[in-house]
Amino acid sequence: MRRSRGLVHILFMTLAIMAVPFGLTAPIATSLAGGGPVVIIWGWILVSAMTQTLAFSLAEICSKYPTSAGAYYWCYKLASPRTRLLASWINGWLTVVGGLMIDLSVKFGTAQLVVAGAGIYYPEWNATALQTYVIFLGVTTVAGVFCIFCNRLLPTVDIICACWTGLGIIVISICLLAEAAAGRRSVSFALGNFDPTSSGWSPGWSFFIGLLPPAYTLSAVIISSVPIGTLTGVVYLLPILFTLPDVGTMLRDSSQPIGLMFTLIMGSRAGGFGLWFIIFGTGMFCAISTSCAGSRATWAFARDKAIPFHRYFSKIDSHLEDVPVNAYALSTVIQVLLGLVYLGSSAAFNAFAGAAVMCLGASYAMPIAILLMNGRRDMHDAPFNLGRFGAVINVIAVLWIVFVTVLFSMPAAIPVTSGSMNYASAMFVGFGVISAVWYMISGQFYYGGPPN
């Protein structure tokens with residue numbers, strides 16, 4: 001495949017995938033139930049700080065081994081000759097599955113946004129699980145059309161997304177602060193109100209359960225994008241918190257309260273729909289970017305003979321502007337099948353988002369953990385060197401990922417029913433089993449590691 005993105009385009013793509021307003025708003029019900037304003041704003045800052053240690057650690061490794069292959073190449077270079085193939089295999093599978101789950105969660109979150117938008121004008125309509133699933137198929141189709149037939153325009157789409165997001169945050173902030181039809185909140189409420197009763201968990205654990213939105217948003221890590229994303233999130237969240245309607249009303253109305261929230265704050269359906277449309281547009285842009293990233297990761301792993309039928313899925317269609325159509329079709333079919341989980345669980349979005357955070361987090365943590373086990377001896381001549389703080393920063397990053405992996409295996413609220421069960425851990429383990437079985441059948445004989 002031809003390279004079509006420079007550093008600036010990659011940064012814009014990362015910002016498009018982060019899609020801060022979408023990432024913080026789509027799963028906002030989890031943060032509202034987890035405690036409200038304290039979880040939303042201070043949780044965002046906490047996760048940003050922890051993610052920055054991860055970004056610093058990866059930046060140091062990347063400066064020593066600069067490559068587009070990323071974490072699974074770093075695992076190969078850092079691990080011992082005896083374990084490097086297995087380490088890069090595990091990391092590659094985590095990266096591919098994490099990319100698929102991020103893409104799936106974005107598309108499903110956008111589908112739920114469509115339901116929320118329709119609810120602004122038709123509040124009596126309660127979408128069934130099947131109807132939401134059909135909308136998800138529509139979002140998937142639109143993203144697929146762009147990724148397959150408009151490949152040359154994708155870098156421009158990422159730039160447009162970044163501009164749309166920035167201008168959208170400004171418009172939303174001004175409109176919310178100007179209208180505040182639901183009332184204005186005090187500083188003590190916006191920055192200090194904490195009510196975990198809706199989650200059923202103990203107060204401390206409820207706070208951490210509510211961290212899914214910020215952890216999900218910052219799962220795309222580039223050192224420069226974390227502070228940009230953090231500042232963007234603070235600017236976006238503060239106007240919402242200072243004009244926040246009654247939390248109980250929003251949680252009772254829907255599992256996706258964004259439409260109701262904007263309508264109550266703006267005091268009109270038209271105003272609420274206008275702000276909703278900004279978030280919806282961000283979600284669609286993000287779906288296109290994540291579809292592109294996920295399919296390319298699948299193609300790269302097929303090229304390296306690491307997935308079943310790799311010869312077929314590594315083919316490039318030269319007639320469609322150098323697009324890995326077969327790999328895209330594979331990732332789409334997997335997502336469409338996993339999306340059926342929603343027909344049996346109303347918490348499917350949390351499961352998709354949680355599995356994405358777990359897989360990508362583990363893929364980021366692996367090379368850092370290997371580096372620590374090596375005593376950091378590989379980094380003494382790294383151009384970007386963390387110096388004497390390197391070991392501390394690395395340890396914090398790895399421990400944070402371990403904690404997050406446990407955290408997002410938990411249900412968002414208790415008591416747990418079959419409909420509210422969090423299936424993230426089941427997906428995580430399931431793909432792990434598939435990876436292990438395929439390594440024994442094929443990988444140990446044909447997989448030669450990432451290309452130099």
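Predicted model: local features only at pLDDT ≥ 70, side-chain atom pairs only at ≥ 80, totals over all residues.
A180 sits in the loop that runs between helices α8 (154–179) and α9 (187–192).

**Loop residues with positive phi**

- A180 has a phi near 45°, a positive value in a residue other than glycine.
- A180 counts as buried because its relative accessible area is 9%, and the cut-off for burial is under 20%.
- R376 is placed in the loop between α18 and α19 (390–407).
- With a relative accessibility of 14%, R376 is likewise classed as buried.
- As background, most residues other than glycine have a negative phi.

**The largest nonpolar core**

- The largest nonpolar core comprises 125 residues, of which M101, Y216, Y236, F262 and F408 touch the most other members.
- Helix α18 (residues 348–373) contributes the largest share of this core, namely 18 residues.
- Apart from its neighbours within four places in sequence, M101 is in contact with L338, F352, A355, A356, M427 and F431.
- In general terms, nonpolar side chains tend to be buried together in soluble globular proteins.

- S291 belongs to helix α15, which spans residues 269–303.
- The relative accessibility of S291 is 0%, so this residue counts as buried.
- The side chains of S291 and K107 are joined by a polar contact of 3.1 Å.
- When neighbours within four places in sequence are set aside, the residues in contact with S291 are D103, K107, A143, C147 and Y328.

**A nonpolar patch on the surface**

- L130, V134, V333, L337, L340 and L343 form a nonpolar patch on the surface, and together they present about 540 Å² of accessible area.
- Helices α7 (129–149) and α17 (325–338) each provide at least two residues of this patch.
- L337, one of the patch residues, is located in helix α17.
- L337 counts as exposed because its relative accessibility is 53%, and exposure is assigned over 50%.

Technical notes
Residues numbered from 1 in each chain as written. Heavy atoms only, no water. Helix = DSSP H or I, 4+ residues; strand = E, 2+ residues; numbered from the N terminus. Buried < 20%, exposed > 50% of the residue type's maximum accessible area, 1.4 Å probe, protein only. Polar contact = N/O pair within 3.5 Å; in protein donor to acceptor, adjacent residues only side chain to side chain. Contact = heavy atoms within 4.5 Å. Patch = residues over 30% accessible without salt bridge, like charges linked within 9 Å, V, L, I, M, F, W, Y side chains within 5 Å. Areas by Shrake-Rupley, 256 points an atom, 1.4 Å probe, with all protein chains shown as cover. Salt bridge = Lys/Arg side-chain N within 4 Å of Asp/Glu carboxyl O. Core = buried A, V, L, I, M, F, W, Y, C linked by side-chain atoms within 4.5 Å.
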